[in-house]
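Please look over the sequence and the model shown here. A short briefing follows, grouped by topic.

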Amino acid sequence: MFKILEANELTTNIYQMIVEAPRVAEACLPGQFLIIRVDEEGERIPLTICDYDREKGTVEIVVQAIGAETHLLSKLKAGDHLADVVGPLGKPSDLCEESIEDLKKKKIVFIAGGVGTAPVYPQAKWLKEHGVDCDVIIGAKNKDLVILEDRFKKVCNLHVTTDDGSYGRSGMVTKALQDLWDEGNKYDHCVAIGPMIMMKFVCKLTQELGIPTVVSMNPIMVDGTGMCGACRLTVDGQVKFACVDGPEFDGHKVDFDQAMNRMKLYKTEEGRLLLKAQE
Ligand code: NAD
Ligand code: FES
């Protein structure tokens, strides 16, 4: 059992939790994820790690209550326990593999959309700790849905944009990226994490601008170990499993339309049966 030490609502329907999980905290790196279960009968929920503290043996997760299981999770309070916290899963971000000297020569921009803002944080923090500067664009529908702003300000050059213009710049993240580019920010590397539709359109733009782009894919996952096939994607014409080959991929090679169609199919029983038959 894994004890929840802190549980807070960050904004409407988005919850942050700090969980005691020393072995995960000891080993995890930015870009990796966890699969948790609220109780023994619960469904598995894949969640990207928002932060970790090796000394305290804790990991931080951010979850949007969208389905039955995430609603159950969101009701838990400090002192409650999770049945399982499995991880770290997936490969760490490629940035962790590059030499710091090479990273310092690059102009890096992260695009963080909605709840996808949470998994960007450990990457920006890791770069800051290694003396590497980066820009982060946070995009949210409106002012109330901007999360983790104060923490980001301490680790990066932050640009916030809201779809309705209620805070920061006005418009979607693609507009902010284009504007920053036109203002003279010639980025060499982009990392986009957020809803698939956002990642698709960020990649379309960065392809035009010639910026290599990494995306973090979050398809449906079941086992998280490459066995069930649920998280299958097509990348550069090849079948990949987000849980073991990713979650990060070259965004210019991902078949987003297929990935989004698979997500839609999983929403109906008929669709789930169809996908199962294809696996
Ligand atoms: P949202 O719909 O509020 O979108 C966030 C931002 O993305 C918007 O403010 C906008 O700037 C940008 N965006 C959206 N559509 C766009 C488009 N067509 N073109 C350009 N930019 C666009 O986000 P949300 O409701 O917080 O997102 C929830 C989704 O994020 C869920 O589907 C969840 O699965 C996913 N998510 C992904 C990851 C990941 O690792 N990729 C992590 C957490 C959540
Ligand atoms: Fe089963 Fe990836 S979640 S193969």
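Asp179 counts as partly exposed, at 24% relative accessibility; buried means under 20% relative accessible area, exposed over 50%, and partly exposed in between (1.4 Å probe, protein chains only). The model is predicted: local features need pLDDT of at least 70, side-chain atom pairs count only at pLDDT 80 or more, and totals for chains, interfaces and linings use all residues. Residues are numbered from 1 along each chain as its sequence is written, chains are lettered from A and ligands numbered from 1 in the order in which they are written, and side-chain values use heavy atoms, with hydrogens and water left out.

- The side chain of Asp179 meets that of Lys175 in a salt bridge (2.8 Å, N to O); a salt bridge is a side-chain nitrogen of Lys or Arg within 4 Å of a carboxyl oxygen of Asp or Glu.
- Asp179 and Lys175 are 4 residues apart in helix α6, and about one helical turn separates them. Helices (H or I, at least four residues) and strands (E, at least two) are DSSP runs, numbered from the N terminus.
- Lys175 is partly exposed as well, at 43% relative accessibility.

**The rest of helix α6**

- Helix α6 spans residues 173–182, and its buried residues include Val173, Ala176, Leu177, Leu180 and Trp181.
- Why do these residues lie on the same side of α6? They cover an arc of only 135° around the axis, which puts them there; the arc is that of the directions from the helix axis to the C-beta atoms.
- The cover over the buried residues of α6 includes strands β8 (108–113), β9 (135–140), β10 (157–162) and β11 (169–170), along with helix α7 (196–209). Contact means heavy atoms within 4.5 Å.

**Other salt bridges**

- Side chains of opposite charge can pair when their charged atoms come close.
- The count for the model comes to 13 salt bridges.
- One of them joins the side chains of Asp51 and Arg151 (3.1 Å, N to O). Asp51 lies in strand β4 (residues 45–53) and Arg151 in helix α5 (residues 149–153), so the pair ties together parts that are 100 residues apart in sequence.
- Asp51 is buried, with a relative accessible area of 11%, whereas Arg151 is partly exposed at 23% relative accessibility.
- Asp51 and Arg151 also belong to a network of salt bridges that links them with Glu60 and Lys125.
- In helix α7, Glu208 and Lys204 are 4 residues apart, or about one helical turn. Their salt bridge has its closest N and O atoms 3.9 Å apart.
- Is Glu208 buried or exposed? Glu208 counts as exposed at 58% relative accessibility, while Lys204 is partly exposed with a relative accessible area of 48%.

**Nonpolar cores**

- A nonpolar core is a set of buried Ala, Val, Leu, Ile, Met, Phe, Trp, Tyr and Cys residues joined through side-chain atoms within 4.5 Å.
- The largest nonpolar core holds 53 residues, of which Ile36, Leu73, Phe110, Leu127, Val136 and Phe152 touch the most other members.
- Helix α4 (residues 117–129) gives the most to this core, with 6 residues.
- At least three residues of this core come from each of domain 1 (2–89) and domain 2 (95–216); the domain bounds come from an automatic or database domain assignment.
- Leaving aside neighbours within four places in sequence, Phe152 is in contact with Thr117, Val120, Tyr121, Ala124, Val136, Ile138 and Leu158.
- Another core, of 35 residues, lies apart from it; among them are Tyr187, Cys190, Phe249 and Phe256.

**Backbone details**

- The peptide bond from Gly87 to Pro88 is cis, with omega near 0°, and Pro88 lies in strand β7 (residues 84–89).
- Gly246 and Pro247 are also joined by a cis peptide bond, where omega is about 15°. Pro247 is in the loop between α8 (242–245) and β16 (248–250).
- Asn13, a residue other than glycine, has a positive phi near 70°. Asn13 is in the loop between β1 (2–11) and β2 (14–20) and is partly exposed, with a relative accessible area of 31%.
- Asp236 is not a glycine either, yet has a positive phi of about 55°. The loop that holds Asp236 runs between β14 (232–235) and β15 (238–241).
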